[in-house]
Amino acid sequence: MATATETVIKPDYATRRRHFIFTDEHEDLRESMKAWVLKEVTPHRNEWEETGWPDEIMRRAGELGYLGLCFPEEYGGQGGDYYFSLVRADCMSYTGNGGLNMGFAVQTDMVLPPIHLLGTEDLKRRYLAPGIKGEKIGCLGITEPGAGSDVAGIRTTARRDGEEYVINGAKTFITNGVRADFIVLVTKTDPDAGHDGITLFVVDLEDEDGNPTPGFSVSRKLEKMGMHSSDTGELAFEEVRVPAENVLGEIGKGFYHISWELQGERLVAAAGASSSAERMFEKTLRYAKEREAFGRPIGRFQAIRHKFAEMATKIEAAKQFTYATAWRFANGEYPVREITEAKLFTSRVASEVADECVQIHGGYGYMKEYEIERAYRDVRLNRIGAGTDEIMLEVIGRSYGL
Ligand SMILES: Cc1cc2nc3c(=O)[nH]c(=O)nc-3n(C[C@H](O)[C@H](O)[C@H](O)COP(=O)(O)OP(=O)(O)OC[C@H]3O[C@@H](n4cnc5c(N)ncnc54)[C@H](O)[C@@H]3O)c2cc1C
């Protein structure tokens, strides 16, 4: 018979929190990839913020199998399920370098998935396989100087000429755009057909010797508020010739293809935002336990303790919402409303947490050496990239027939 004391069940704050979507296999990956990040990547976080992250680190990740976690083995991938992408995003949050995480996410979760889903066997051999190895780096070209949120308003054209297409136009804010070997490019093949006149292409940006494709140029490398280790390019296409076999998916269906791509991009952005918020929280918690004022650690002031309580609650909600939505996505549903809500919610949580963490650090939070100021600048992008907060609200509101 149980004694009185055995029936007193105490709260277990130290339990390893694991969401039901993750198995031992996912946790094994989390352990090994996190160990690699902390050993080979994190120590360079400050240097790469100045120099930009080197291409070799992408190749190294490819060598270790981290770029192809969810792609089939026949292309060099690991054949894992979608949840491995979320584990990867979590592990990358330990780099302490948002720009690197963004460059990697473009490769693994924005450029390669549409090639895998829509590409011909030939495109998969030429771009997916070397992309998984980290031998070729890709970028995604949707945004233009005159059209960001309004994807159907793009002006880059692709005109058929025999067995080739000829591309003219400009793209801007393109992550990896300065260093990339190829681009998944959104163009108009029929400018009068609205949403049904858009087509995707995979376009080589340089040849095997590294010479730029004739007609293509990086017109500007853009300076940014944060994400300094990431290169962001403005790209120009003047009579760039692309073989017709480089069409990705169906001609005229590019709007729908890219709308699908955006769902994966937003879900992984939600996972990344939740994990960055968690890393900022942990860093700041350590600080609040060490830093003293008025004779006690600042974390012991109720005002500060409550900030942690608020942040912890929001972060947990952000993670659980993202994982529950990912479960639906991985099980064949297409929950666009919830993906959009998760992207909106987690981006806001990350921004709010960053702001509170700077506040808790006091003056040190404003100093570069404490690195929380970098996180604050880096996460601000979450509310703009992959669709702004306002666009997320539009998608959610319209989904109710309003
Ligand atoms: C660092 C960085 C990296 C990026 N990387 C890439 C990349 O790799 N590839 C790529 O293609 N793009 C990339 N982008 C572009 C990004 O996706 C766009 O900046 C974003 O979608 C917004 O487009 P915009 O900047 O043209 O803003 P706009 O569309 O001009 O919007 C300006 C403002 O108006 C609001 N607005 C617009 N339409 C509406 C509406 N219907 N209702 C209410 N409000 C509205 C917006 O929310 C925003 O507040 C990147 C951007 C940045 C800053």
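Tutor: A polar contact is a pair of N or O atoms within 3.5 Å; within protein, one must be able to donate a hydrogen and the other to accept it. Keep that in mind. This model is predicted.

Student: Which side chain does Glu371 join through a polar contact of 3.4 Å?

Tutor: The side chain of Asn46. A second polar contact, of 2.7 Å, links the side chains of Glu371 and Arg45.

Student: Where does Glu371 sit?

Tutor: In the loop between H9 and H10.

Student: Is Glu371 buried or exposed?

Tutor: Buried means under 20% relative accessible area. Glu371 has 12%, so it is buried.

Student: What is Glu371 in contact with, leaving aside neighbours within four places in sequence?

Tutor: Arg45, Asn46 and Lys283.

Student: Let's move on to helix H10. How many of its eight residues are buried?

Tutor: Seven, so to speak of cover, the helix at residues 372–379 is mostly covered. The buried residues are Ile372, Glu373, Arg374, Ala375, Arg377, Asp378 and Val379.

Student: What do the buried residues of H10 pack against?

Tutor: Four helices are named here: H2, H5, H7 (254–290) and H9 (336–361).

Student: Which residues of H1 are buried?

Tutor: His26, Glu27, Leu29, Arg30, Met33, Trp36, Val37 and Val41. Their cover includes H2 (45–51), H3 (55–63), H4 (83–92) and H5 (98–118).

Student: Next, the ligand. Which of the 16 residues around it come nearest?

Tutor: Thr143, Ser149, Phe173, Thr388 and Glu390.

Student: What lies 2.7 Å from an N or O atom in the side chain of Thr143?

Tutor: A nitrogen atom of the ligand. A ligand nitrogen is also 2.7 Å from a polar backbone atom of Phe173. For Thr175, an N or O atom of the side chain is 2.8 Å from a ligand nitrogen. Taken alone, the ligand exposes 970 Å², and the protein buries 63% of that.

Student: Which elements each supply at least two residues of the shell around the ligand?

Tutor: Strand S1 (138–141), strand S3 (164–175) and helix H11 (389–398). The largest share, three residues, comes from S3.

Student: What is the shell around the ligand like by class?

Tutor: It has eight nonpolar, six polar and two charged residues.

Methods. Residues numbered from 1 in each chain as written. Predicted model: local features only at pLDDT ≥ 70, side-chain atom pairs only at ≥ 80, totals over all residues. Heavy atoms only, no water. Buried < 20%, exposed > 50% of the residue type's maximum accessible area, 1.4 Å probe, protein only. Contact = heavy atoms within 4.5 Å. Near = heavy atom within 4 Å. Areas by Shrake-Rupley, 256 points an atom, 1.4 Å probe, with all protein chains shown as cover. Nonpolar A, V, L, I, M, F, W, Y, C, P; charged D, E, K, R; others polar.
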